[in-house]
Amino acid sequence: MPNQHKPLPPEDVIRAPLIKYYNLSLKDEDIAEHLKTHYDTTQYGCSAASIRRLRKDWGLLKTRAQKHTPDTIRPYVVEIKKKFPNRGISTIRKNLALEYGIRASELTVKKLLKEIEPEAMKQRKGKKFHRTKFYAAGINDCWAQDQHDKWGPRFGLWLHNSIDPFIGFNNWLRVWWTNKNPRLIVKYYLDACRELGGIPMFSQSDPGNENNGVANAQTIMRQMLDLTLVGTLQHRWKTKKNNVKSEANWSVMRGDLAPGLEDLFELCSLVFRWIAIPFVQIQLDLWVQLRNQTKPRADKHKITPHGIPALLRAKPEFYNLHDFKVSVPTEIFDKMEAEFAPPDHEVFQLVPPEFDHWANIYYAEMGQPEVTHDTFWNVYCQLLSYFNRVPDIEAELHIPLSSLNETTERIDDEHINILADQQPLRRVADPRAGASSQMVAGSSQASSASEGAGILYGVAEYGNFPSSDEEGSGGEESSSDDDDGASKASGEDDMD
């Protein structure tokens with residue numbers, strides 16, 4: 001009897017995406033569904049059972065098959081705790097999977113943490129938060145951005161973040177020696193938009209000069225592509241801690257990533273900035289990758305989609321979600337960058353060019369040692385010693401140390417005026433006034449009440465809107481786990 005099943009796709013076609021979805025901790029059934037977008041389904045087929053066989057052949061094992069114990073994961077967990085002293089069981093499991101390819105059960109990690117930090121385990125308990133509602137229609141409906149100044153006065157490191165509240169996707173998380181210059185912030189925005197190939201329906205931030213460039217660029221591009229929006233600002237201002245999703249994201253970062261780095265930093269100088277900013281940016285990029293590629297913890301209070309943010313953004317149609325991205329030609333991005341974030345502006349210089357020149361020379365003489373948590377201060381001290389050998393840095397190396405504060409203040413105080421004659425951005429109507437939860441969550445179906453009220457969002461509907469209350473909301477859930485065919489034992493679960 002001939003084989004009634006379609007042949008498997010060529011290995012060179014599916015291997016890379018299969019490994020990608022495996023690293024995202026998807027179940028075999030979900031991997032099989034996602035793989036269908038990578039091969040011709042009229043000629044080939046690949047079931048969950050086939051995925052399971054291929055994984056085992058390629059050494060891509062799940063939790064039980066890896067058979068880890070507290071002793072085998074100890075060195076990796078100790079390294080993670082060194083960087084993230086407040087990190088808990090769930091995030092450590094995600095960290096092990098993404099960074100080391102290790103699948104360890106919750107019980108295994110819990111046993112180890114009870115050994116190495118018993119007091120901390122006893123202190124951990126549930127916390128209650130003040131909840132604020134935030135409405136979002138779909139992916140790229142709104143980008144919320146915010147600055148974080150906690151490290152500024154202490155270390156000279158100033159952070160800035162943008163997040164898509166609907167799926168919890170971090171558009172950027174950047175560190176620099178300032179976050180007050182509007183040209184720097186609009187550069188972050190344009191870089192993220194270029195990578196996406198489009199812009200959100202509207203942007204959102206706290207009031208402040210540093211956000212005016214983003215508000216202007218967002219408004220100009222939306223109006224260039226849709227003339228019905230002329231005269232209406234395509235940026236929404238949030239006051240009094242109402243930019244809730246950005247504030248919540250900072251809270252998570254402060255509790256998880258920040259403590260380990262703060263213990264490392266004690267002073268700020270040009271040497272410190274030259275070493276620390278690239279190093280911290282790498283740590284931030286890894287943290288963003290972890291957040292974007294893992295499913296958040298379940299929250300019964302949120303109705304937005306539960307899934308891995310990177311997959312929700314890449315394949316909204318797979319989850320029956322709306323993507324409100326507004327596609328933008330490259331030449332428009334070039335125009336916005338030339339006007340609002342010219343590449344030769346001094347705010348984009350890590351350090352003064354004269355200092356950078358000598359720092360690179362000295363660093364090369366040191367053998368270009370790798371900067372890690374363990375070597376940071378040794379590299380810093382060694383590089384600082386090279387500069388300390390020079391009796392008069394300003395005279396001999398032409399490094400303008402005496403004017404650094406003046407230059408920083410001048411750059412921080414640069415102002416971009418908001419576009420004139422623009423009406424404030426408002427919603428068509430408050431989703432709470434008749435729209436179903438499906439509409440709020442971005443479903444392709446809306447209730448008859450919402451249709452009658454004309455609440456469904458469209459490109460032209462962000463023109464002149466009636467007043468509404470503050471809006472906002474995200475949605476997060478942790479994943480359940482599966483294994484390589486064995487039934488689950490009590491207390492042991494696999495990463496899906």
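Predicted model: local features only at pLDDT ≥ 70, side-chain atom pairs only at ≥ 80, totals over all residues.
**A walk through the fold**

Helix α11 lies across β1, β5 and β6, and runs at about 145 degrees to β6.

Now step back to the whole chain. The chain holds 22 helices and 7 strands. Of its 496 residues, 51% are buried. The chain exposes about 23200 Å², and carbon and sulfur atoms supply 51% of that area. Look next at contacts between residues at least 6 apart in sequence: 74% of them join residues at least 24 apart. One pair shows how sequence and space can part ways. L113 and I89 are 24 residues apart in sequence, yet their C-alpha atoms are 8.0 Å apart in space. L113 lies in helix α7, residues 106-116. L113 has 0% relative accessibility, so it counts as buried.

Five strands form an open sheet in the order β3-β2-β1-β5-β6, with mixed pairing. Its edge strands are β3 (169-176) and β6 (235-237), and each of these pairs on one side only. On average, neighbouring strands of this sheet are turned by 20 degrees against each other, direction ignored.

Start with strand β1, residues 142-148. How many of its residues are buried? The count is 7 of the 7, so β1 is largely enclosed by the rest of the structure. Its residues point two ways. C142, A144, D146 and H148 point one way, while W143, Q145 and Q147 point the other. Both sets are buried.

β1 has a partner on each side. With β2 (residues 158-164), it pairs in the antiparallel sense over 5 bridges. In that pairing, H148 has L159 as its bridge partner. With β5 (residues 202-205), β1 pairs in the parallel sense over 3 bridges. Here A144 stands opposite Q204. Move on from β5 to β6. These two strands also pair in the parallel sense, over 3 bridges. S205 stands opposite W237 in β6.

Stop at one residue in β2, S162. Its relative accessibility is 1%, so S162 counts as buried. What does S162 touch? Leaving out residues up to four places away in sequence, S162 touches W143, A144 and Q145, and also F169, N170, N171 and W172.

Next, the nonpolar residues. In soluble globular proteins, nonpolar side chains tend to be buried together. The largest nonpolar core here has 70 residues. Which of them touch the most other members? They are Y189, M221, W274, F355 and F387. Helix α14 (residues 270-292) gives the most to this core, with 12 residues. Take F387 as an example of the contacts. Leaving out residues up to four places away in sequence, F387 touches V271, F355, W358, A359, Y362, I393, L397 and I399. Another core, of 17 residues, lies apart from the largest one. Its members include L18, Y22, I31 and Y39.

Q66 is found in helix α4, residues 63-66. Is Q66 buried or exposed? Its relative accessible area is 18%. Buried means under 20%, so Q66 is buried.

Finish at helix α16, residues 330-340. Its buried residues are I332, F333, M336, E337 and F340. Seen down the helix axis, they fall within an arc of 135 degrees, so they line one face of α16. An α-helix has 3.6 residues a turn, so residues three or four places apart point the same way. The face turned away from the buried side of α16 carries the exposed residues E331 and A338. What covers the buried residues of α16? The cover includes α10 (182-196), β4 (198-199) and α11 (212-225). That brings the walk back to α11, the helix that lies across β1, β5 and β6.

Terms used:
Residues numbered from 1 in each chain as written. Heavy atoms only, no water. Buried < 20%, exposed > 50% of the residue type's maximum accessible area, 1.4 Å probe, protein only. Helix = DSSP H or I, 4+ residues; strand = E, 2+ residues; numbered from the N terminus. Pairing = 2+ DSSP bridges. Arc of directions from axis to C-beta. Contact = heavy atoms within 4.5 Å. Core = buried A, V, L, I, M, F, W, Y, C linked by side-chain atoms within 4.5 Å. Areas by Shrake-Rupley, 256 points an atom, 1.4 Å probe, with all protein chains shown as cover. Axes fitted to C-alpha atoms, helices over the stretch in contact; angles between N-to-C directions.
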